[in-house]
Amino acid sequence: MKRVLVFEAHGDDMEFFAGGTIAKFAAAGHEVTLVCATDNDKGSFELSAQEMRAVRDQELLGAASVLGVKRVIPLGYADGDLGYADPRVLRGQFMRAIREVKPDICMTWDPFTHYEGHPDHRAVATAASEAMSFAHFPNFYPEHADDGLPPHYVGEHWFFAKAPRDQNKFVDIDTTIDRKIEALCQHEAQMVLTVMDLQHHVRASGLDVPFLAGRSAHDFAPVIEQMMKRAGEAVAKRSGLGCRYAEGFRRARFGGIEAWAPGQTIAEDV
Ligand SMILES: [Zn+2]
């Protein structure tokens with residue numbers, strides 16, 4: 001059994017890019033923990049921030065349970081403002097989670113890809129990748145040891161991105177794509193927002209897309225299904241796995257130690 005720890009900015013980040021993979025990890029008996037940095041209160045054209053905070057925590061837990069995530073740790077930072085929080089504090093909170101959960105594998109936004117427009121994603125990417133790189137260094141945040149949390153080494157770093165680069169790990173999600181879509185649909189407020197945002201694009205572009213334009217945003221499930229299947233097919237095509245749907249990651253394993261062990265391979269977990 002491996003432990004997997006995911007760092008995301010918003011409930012649904014993980015589901016969009018890694019939901020099928022996470023469901024596969026969980027189904028294989030691995031233990032998944034999710035850290036969600038913000039309170040998700042900006043993502044709506046309909047609900048106030050206060051109304052959002054009331055529903056988003058439930059949606060976060062609902063989606064996690066569909067994927068088999070064992071534990072969710074919400075940090076409650078203000079949505080959209082994470083880039084303006086103290087990065088040293090955020091990195092310390094992520095490192096504390098690593099030292100507590102003791103993961104074999106950490107996953108987060110890739111800090112080294114282009115065109116990431118959301119400041120929360122960039123903040124999580126930077127803080128989490130630093131936390132997973134240095135959590136085994138005792139002189140980083142030595143106060144954690146006083147709380148009974150010793151340094152911990154994270155062997156595998158998995159990164160997802162909107163505009164991915166250098167992906168070297170692909171996961172066949174044919175058996176879990178339905179679970180991924182079901183988990184996304186648990187994020188009702190966020191999926192309504194997703195469809196309404198697509199409708200903004202349709203209106204502004206002047207294009208004719210009746211499937212989107214003529215739809216109540218609350219009837220989001222067919223849109224999300226089509227969106228995820230299309231994305232999964234595109235990754236599968238690139239992956240060379242021969243499957244119908246896939247997810248892709250840039251993965252760094254054990255500091256590249258394989259170069260010291262010619263002829264040996266490290267087993268795959270999913
Ligand atoms: Zn996000």
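1. A nonpolar core is taken here as a set of buried Ala, Val, Leu, Ile, Met, Phe, Trp, Tyr and Cys residues joined through C-beta atoms within 7 Å. In this predicted model, the largest such core has 71 residues, and those with the most contacts inside it are Val6, Ile22, Val35, Leu67, Phe94, Ile98 and Val124. Helix H1 gives the most to this core, with eight residues.

2. Valine 6, leaving aside its neighbours within four places in sequence, is in contact with Met14, Ile22, Val32, Leu34, Val35, Met107 and Thr108.

3. The sheet is open and of mixed pairing, with seven strands in the order S3-S2-S1-S4-S5-S7-S6. S3 and strand S6 (169-172) stand at its edges, and each has a single partner strand, so one side of each is left without a neighbour in the sheet. Strands S4 (residues 105-109) and S5 (residues 156-160) run parallel and are joined by five bridges, and tryptophan 109 stands opposite phenylalanine 160 in S5.

4. Helix H2 (residues 49-67) has 19 residues, which at 1.5 Å a residue should span 27 Å, and the 26 Å between its end C-alpha atoms agrees with this.

5. The buried residues of H2 include Met52, Arg56, Glu59 and Leu67, and among the elements covering its buried residues are helix H1 (13-27), strand S2 (31-38) and helix H7 (188-205).

6. Helix H3 (residues 87-101) lies across strand S1 (3-8), S2, S3 and S4, running at about 165 degrees to S1, whereas helix H9 (residues 221-239) lies across S6 and strand S7 (246-253), at about 55 degrees to S7.

Methods. Residues numbered from 1 in each chain as written. Predicted model: local features only at pLDDT ≥ 70, side-chain atom pairs only at ≥ 80, totals over all residues. Helix = DSSP H or I, 4+ residues; strand = E, 2+ residues; numbered from the N terminus. Expected span 1.5 Å × (residues − 1). Buried ≥ 20, exposed ≤ 12 C-beta atoms within 10 Å, placed from the backbone. Contact = placed C-beta atoms within 7 Å. Pairing = 2+ DSSP bridges. Axes fitted to C-alpha atoms, helices over the stretch in contact; angles between N-to-C directions.
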